[in-house]
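Biologist: I would like to go through this model chain by chain. Please show it, and then I will ask about its parts.

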Amino acid sequence: MYKYDNYDQAMVDARVAEFRDQITRRIAGDMTEDQFKPLRLMNGLYLQLHAYMLRVAIPYGTLDSRQMRMLAHIARKYDRDYGHFTTRQNIQYNWIKLEDCADILEELATVEMHAIQTSGNCIRNISSDQYAGAAADEVTDPRPWAELLRQWSTFHPEFSYLPRKFKIAVIASSEDRAAMRLHDIGLELIRQDGELGARVFVGGGMGRTPMIAPEINPFVKADDLLSYLEACLRVYNRYGRRDNIYKARIKILIHEIGADAYRRQVAEEFAHVKTLGIDPPLAELERISAFFAPPAYDAANVEPDRNDPDFALWLDQNVKPHKQAGYAIVNISLKPIGGIPGDATSAQIDVMADLAEKYSFDELRVTHAQNIVLPYVAKRDLYTVWQGLRDAELADANLDLISDIIACPGLDYCSLANARSIPVAQKIATRFADMDRQRDLGELKLKISGCINACGHHHAGHIGILGVDKKGVENYQLTFGGSGAEDVSIGKIIGPGFDEDGVVDAVEKATEVYKALREGDERFVDTYRRVGLEPFKEAIYG
Amino acid sequence: MVEFRYRTDEVTEQPSVTLDAFLDQSNATAVRLEPDDDARALIPFLDRLTLIEVAFPKFRDGRGYSAARILREAGYQGELRAQGDVLVDQIAYMRRCGFDSFAPEASLNPDAVARALAHYDHAYQGAADSVVPIWKLRHG
Amino acid sequence: MKLLTGNDLVSGAVTWWTGNGWSLHVEDAADVGEHGEAILHAEEGARRVNAPYIIDALPTGDGPRPAHIKDRIRALGPTVRTDLTLKPADPAAGDWII
């Protein structure tokens, strides 16, 4: 994975000093909160429901054991001994003090980590495929491109006061494991006539008005990409709406002027920007790519012993095939039945760090489904890894099953929320605690958001749950048929909302309808798409 | 009031006119751009202008950063001034976008400004200033 | 009744105006009546509170109970981690929120 050179290190160190200075001036009263807010947001610091919350960046979800141990250390020293992994591959700490923030960032900088631009109206963490470098279907590893974009977008002087936040995802396979089409800009790396380039999608997003990003350019060459993105961002910065924060994302601009008009404006701006010489030479992409060379694989192709039935179940559910013979991709579930989705204690984080160091060439990934991946595990080591996970309560064999729920922190943690999301997730997981029942239901991506901002990606859930405030009482709307994968679709609300127990019952009824009507190896979402809403509505509303 | 100016030439005496007024009358040498004005409208006239003032009614409205870069990219060499809700912590990015003078509504502490401008020795990306981006330092 | 609440600037902790200072505990919160805005501006200006705002609450035998569930969660802590709330040992604390 990428390693900082002196320049990269100098940038994060300077950022720490700058933010320390800004914090000092805020505390001394040289700045109002209104003036300080965009600055602290651009350093990932929110003022949240209970305390300051710090969102630390995990660039394209990749980190090593040293960095993972630092995250555990931060949780212990400055927070309450746990962290929350997010739907953008970052980690959040919920109990931060402003007076500690500069010290936290200083410690993070010693292991090449930061909280730069993880919030604010700027370009956020570039996300990517959690199986990058390990998946057989990728055209190339997308992460060097993500790193190139990370550097381009960091402290970008023109695009730090955009109309709204800006999220970019990069993938390199036709299977979309990063919800790429639901980003402000989504890039799919492809080969055309032997040359590597990107299909560019612009204008996706969830939130209040979910939209699937239209294709704006079928192929942009590697050495044009930064100029092209510069043009995309400049058009947005100039013409995105600033009159209404709920209409300020680029998806609204493209929806209002049309993809054709946006494409034309970008083409014009690109023709101009290209003359400025801002694209790095291919040598820079090659320099970065060298850090992502395959690890020194050395394991023979040995199938693991399936004697232990619990191990075998975990193997079948959580372990995915690897491009390299003898190796496998391990998914670590942070969704224990009845637990808090995406949370990990500092002790668990340390266990994952140790396992990665010993058994995954010292690398881990964070997924947008709030789980962790060990991308390079030799099959001969799988049993040992599983035992280590099991002992740390990290071995739930529920990847992509109904209890593998994506849930935002919700009203328990978030001042934007209208309803709690975590208790709903806990109740649903508990209702379906029987693993045979879960496996019988198969792949069922259930996603819960505590408010319309959709940080839980409910629009992209096969089953989505949206928490709303109904006259001061928490209420939950159910959506069916969403997907963040390559079969991307926005879920539809099925009818009137429910209280907390009601929505759990409704979900259960929906799964009963699915079991009654499914054909072949249809997933829940396939059956729903085939038979439509009526049978489900009838069962749920009677 | 211009508080910070990073040019050695004389300050222009002429008051700036609005973009519409400028496009109507040809002899003004100072123009003021509001956030929703199109900076490119000035491109045919850049060599006549000694001052372009870009208004920042609210510091969060970042359109002026694009306006500034567009003008510098078009070859404008006169004074490019950020006026309005201009705060210490935006000046560094504004400089990178080509602004070389600042007329903040509320007075700024010069020490704070000097510190703000001195934090970063490098930049990752090319902009309107003369800083060589890091990728270029890496590859020559 | 009206309560004035905010966060401590430096620690980030949720705080409640008691009438002559700031407390971590909503039980200590005073009814600011019509004077809330004036107190808010004075305290914010002096940086004794950050991001303050005024909420509705009902007086009860155990002290003020914020009218909205969000403010009750804010007053006590996350319902899903009672160990992290202001009353980790009190099994009835969760009922007070709901």
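**Contacts between chains**

Modeller: Of the 2 pairs of chains that touch, chains A and B have the most contacts, a contact being two residues whose C-beta atoms, placed from the backbone, lie within 7 Å. This is a predicted model, in which local features need pLDDT of at least 70 and side-chain atom pairs count only at pLDDT 80 or more, while totals for chains, interfaces and linings use all residues. Residues are numbered from 1 along each chain as its sequence is written, and chains are lettered from A and ligands numbered from 1 in the order in which they are written.

Biologist: Which helix of chain A gives the most residues to the side that touches chain B?

Modeller: The contact takes 34 residues from chain A and 29 residues from chain B. Helices H1 (6-27), H2 (33-41), H5 (143-153), H6 (225-239) and H9 (282-289) of chain A each supply at least two residues of that side; helices (H or I, at least four residues) and strands (E, at least two) are DSSP runs, numbered from the N terminus. The helix that gives the most, with 9 residues, is H1(A).

Biologist: How far apart are the nearest C-alpha atoms of chain B and chain C?

Modeller: Chain B and chain C do not touch. Their nearest C-alpha atoms are separated by 17 Å.

**Inside chain A**

Biologist: How many of the 15 residues of H6(A) are buried?

Modeller: A residue is buried if 20 or more other C-beta atoms lie within 10 Å of its own, exposed if 12 or fewer, and partly exposed in between, with C-beta atoms placed from the backbone. H6(A) is mostly covered. The number of buried residues is 14.

Biologist: Which residue of S10(A) is the bridge partner of A:Val200?

Modeller: Strands of a sheet pair through backbone hydrogen bonds, either parallel or antiparallel. For S9(A) and S10(A) the direction is antiparallel. The partner of A:Val200 is A:Asn217.

Biologist: How far apart are the C-alpha centres of domain 3 and domain 4 of chain A?

Modeller: Chain A is divided into domain 1 (6-109), domain 2 (134-289), domain 3 (309-391) and domain 4 (406-541), with bounds from an automatic or database domain assignment. In domain 3 of chain A, 6 residues are in contact with 8 residues of domain 4 of chain A. The C-alpha centres of these two domains lie apart by 26 Å.

**A proline in chain B**

Biologist: Is B:Pro133 buried or exposed?

Modeller: B:Pro133 lies in the loop between helix H4 (110-118) and helix H5 (134-139) of chain B. Beyond its neighbours within four places in sequence, B:Pro133 is in contact with B:Ala123, B:Tyr124, B:Gln125 and B:Gly126. Because 20 other C-beta atoms lie within 10 Å, B:Pro133 is buried.

Methods. Pairing = 2+ DSSP bridges.
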